[in-house]
Amino acid sequence: MKILLVGASGTLGGAVRTALAGRGHDVITVGRTGGDVLCDITDPEAVGRLYERVAAGSGLDAVVCAAGDAVFKPLAELTADDVTASFRGKALSQIELVRQGSRHLSPTGSFTLISGVLTHEPILAGAAASAANGAVEAFVRAAAIELPPQRINAVSPTVVTESLDAYGAFFPGMESAPLSRVANAYIRSVEGRQTGQVYEVV
């Protein structure tokens, strides 16, 4: 398959790229600062240019996202701009990938988005991230009834084991998951046949 992978330069994105390439897929990497193609997916016009560049001719078989930014602050300190930035960085950007990407994807192609454990397991200072994650999952369920025969799913990982040194303090008492297990959820979404699913990796 010809797969567009957004966020490939991150820790998770790198693992997903290795897993997909290892299974023989042609992976085109996209990042804000590195990758085969540079793109800020929070800019709808940039997303349009991205698809025009990478999908010309043969199109795409799958679009995979392993990127998303959110603001972490106590609720009392969150500003309207913080909330807007969180939705733009995690939810609106991924919605835009699907909204514009559906016409560039093969008829039976798929989208795989990313949400996260905070949808159902909130933490202190994570209200904006939880809300954005919830929006992603709600969108996946709604889009799944309009996209067929194209498919859409989301992967919802807990904190990954390889990132515990950096983020473990934000997830007290939560079990971590190795990157390999999270990457397997992406493979399941890309190569499987289900749609409208949220694959939780805990």
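Guide: Contact here means heavy atoms within 4.5 Å. The model is a predicted one.

Visitor: Where is cysteine 39 found, and which residues is cysteine 39 in contact with, leaving aside its neighbours within four places in sequence?

Guide: Cysteine 39 sits in the loop between S3 and helix H2 (44-54). Leaving aside neighbours within four places in sequence, its contacts are Val30, Gly31, Arg32, Ala46, Val47 and Leu50. Cysteine 39 counts as buried because its relative accessibility is 8%, and buried means under 20%.

Visitor: How many salt bridges does the count come to?

Guide: The count comes to five salt bridges. One of them joins arginine 99 and glutamate 96, with their closest N and O atoms 2.5 Å apart. These two residues are three apart in helix H3, so about one helical turn separates them. Arginine 99 is exposed, at 51% relative accessibility, whereas glutamate 96 is buried, at 11%.

Visitor: Which residues does glutamate 96 touch, not counting residues up to four places away in sequence?

Guide: Glutamate 96 touches Pro44, Val47 and Gly101.

Visitor: How do I read the packing of H2 against H3?

Guide: Two packed helices are described by the angle between their axes and the distance between the axes. For H2 and H3, the axes come within 10 Å and cross at roughly 45°. That angle makes H2 oblique to H3. The crossing is right-handed. On the H2 side the contact is made by Pro44, Val47, Gly48 and Tyr51, and on the H3 side by Glu96, Leu97, Gln100 and Gly101.

Visitor: At what angle do H3 and H4 pack, and how far apart are their axes?

Guide: H3 and H4 pack at an angle of about 15°, and their axes are 8 Å apart. The two helices are therefore roughly parallel to each other, the class for angles under 35 degrees. H3 passes H4 in a right-handed crossing. H3 contributes Ser86, Phe87, Lys90, Ala91, Gln94, Ile95 and Val98 to the contact, and H4 contributes Ala128, Ala131, Ala132, Asn133, Ala135, Val136 and Phe139.

Visitor: What span does helix H4 reach, and which of its residues are buried?

Guide: Helix H4 (residues 127-143) has 17 residues and reaches 24 Å from its first C-alpha to its last, close to the 24 Å expected at 1.5 Å a residue. Its buried residues are Ala128, Ala129, Ser130, Ala132, Asn133, Val136, Glu137, Val140 and Ala143. The cover over these buried residues includes H3, strand S5 (105-114), strand S6 (151-157) and strand S7 (198-201).

Visitor: How do I read the backbone in the loops on either side of H4?

Guide: Most residues other than glycine have a negative phi, and most peptide bonds are trans. Alanine 125, in the loop between S5 and H4, has a positive phi, near 70°. Alanine 125 is partly exposed, at 26% relative accessibility.

Visitor: What is the peptide bond from proline 148 to proline 149, cis or trans?

Guide: The bond is cis, with omega near 10°. Proline 149 lies in the loop between H4 and S6.

Note on methods: Residues numbered from 1 in each chain as written. Predicted model: local features only at pLDDT ≥ 70, side-chain atom pairs only at ≥ 80, totals over all residues. Heavy atoms only, no water. Salt bridge = Lys/Arg side-chain N within 4 Å of Asp/Glu carboxyl O. Buried < 20%, exposed > 50% of the residue type's maximum accessible area, 1.4 Å probe, protein only. Expected span 1.5 Å × (residues − 1). Axes fitted to C-alpha atoms, helices over the stretch in contact; angles between N-to-C directions. Parallel < 35°, antiparallel > 145°, perpendicular 65-115°, else oblique. Left-handed = near helix turned anticlockwise from the far one by under 90°.
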